[in-house]
Amino acid sequence: MTLFRSVLTVLIVLVIAYWCSRVLARQWMKSSGSANLQIIEQLQVGQNQRILLLKTGESHYLIGVSQAGIQCLAEVKGDFETEPLPPAQEGPAQFPFQEIMEKYLTGHSKKKGGDQ
């Protein structure tokens with residue numbers, strides 16, 4: 001019976017840790033902004049790699065963040081809402097940020113293809 005209790009205790013601790021990390025991530029997203037700099041959206045593209053859509057003043061920028069450093073990918077034109085993320089849903093979520101990335105990547109690949 002003690003082995004069962006030990007396994008059950010470990011499982012409960014893991015579930016609580018997962019739940020706490022989700023709550024803290026939501027709180028971080030809400031408070032990750034100021035009057036001059038605000039994270040509109042972010043997309044996890046690798047284990048330690050993210051792409052952020054930042055707003056500073058009236059300008060919007062795509063920023064790449066990885067272990068190697070932080071890099072400005074592009075200045076993005078458009079009007080973006082700064083509403084909180086919608087609740088999690090079944091299936092792949094379609095955010096405007098993903099559409100922007102697809103447009104940027106397809107436009108970027110066309111430019112490279114024309115130079116060859």
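This briefing covers the sheet, the helix and some surface features of the structure above. The model is predicted: local features need pLDDT of at least 70, side-chain atom pairs count only at pLDDT 80 or more, and totals for chains, interfaces and linings use all residues. Residues are numbered from 1 along each chain as its sequence is written, and side-chain values use heavy atoms, with hydrogens and water left out.

**Sheet**

- Four strands form an open sheet in the order S1-S2-S3-S4, with antiparallel pairing. Strands (E, at least two residues) and helices (H or I, at least four) are DSSP runs, numbered from the N terminus. Two strands pair if DSSP finds at least two bridges between them.
- The edge strands are S1 (37–46) and S4, each pairing on one side only.
- Neighbouring strands of this sheet are turned by 25° against each other on average, direction ignored. Axes here are lines fitted to C-alpha atoms, for helices over the stretch in contact, and angles run from 0 to 180 degrees between N-to-C directions.
- S2 (residues 49–56) and S3 pair in the antiparallel sense over seven bridges. Leu-54 stands opposite Tyr-61 in S3.
- S3 (residues 59–66) and S4 (residues 69–76) are also antiparallel, over seven bridges. A hairpin of two residues joins S3 to S4. Here Tyr-61 faces Glu-75 in S4 as its opposite residue.

**Salt bridge**

- The count is one salt bridge (a side-chain nitrogen of Lys or Arg within 4 Å of a carboxyl oxygen of Asp or Glu).
- Glu-75 forms a salt bridge with Lys-77; the closest N and O atoms are 3.9 Å apart.
- Glu-75 is partly exposed at 44% relative accessibility, and Lys-77 is exposed at 68%. Buried means under 20% relative accessible area, exposed over 50%, and partly exposed in between (1.4 Å probe, protein chains only).

- Ser-21 is in helix H1. Ser-21 is partly exposed, at 40% relative accessibility.
- The Ser-21 side chain reaches the backbone oxygen of Tyr-18 at 2.7 Å.
- Met-1 lies in the segment before helix H1 (2–31). Met-1 is exposed, with a relative accessible area of 75%.
- Met-1, Phe-4, Leu-8, Ile-12 and Ile-16 form a nonpolar surface patch, with about 560 Å² of accessible area together. Patches take residues with over 30% relative accessible area and no salt bridge; like charges are joined within 9 Å, nonpolar side chains (Val, Leu, Ile, Met, Phe, Trp, Tyr) within 5 Å. Areas come from the Shrake-Rupley method with a 1.4 Å probe; for residues, only the protein chains shown count as cover.

Definitions and conventions:
A polar contact is a pair of N or O atoms within 3.5 Å; within protein, one must be able to donate a hydrogen and the other to accept it, and residues adjacent in sequence count only if both atoms are side-chain atoms.
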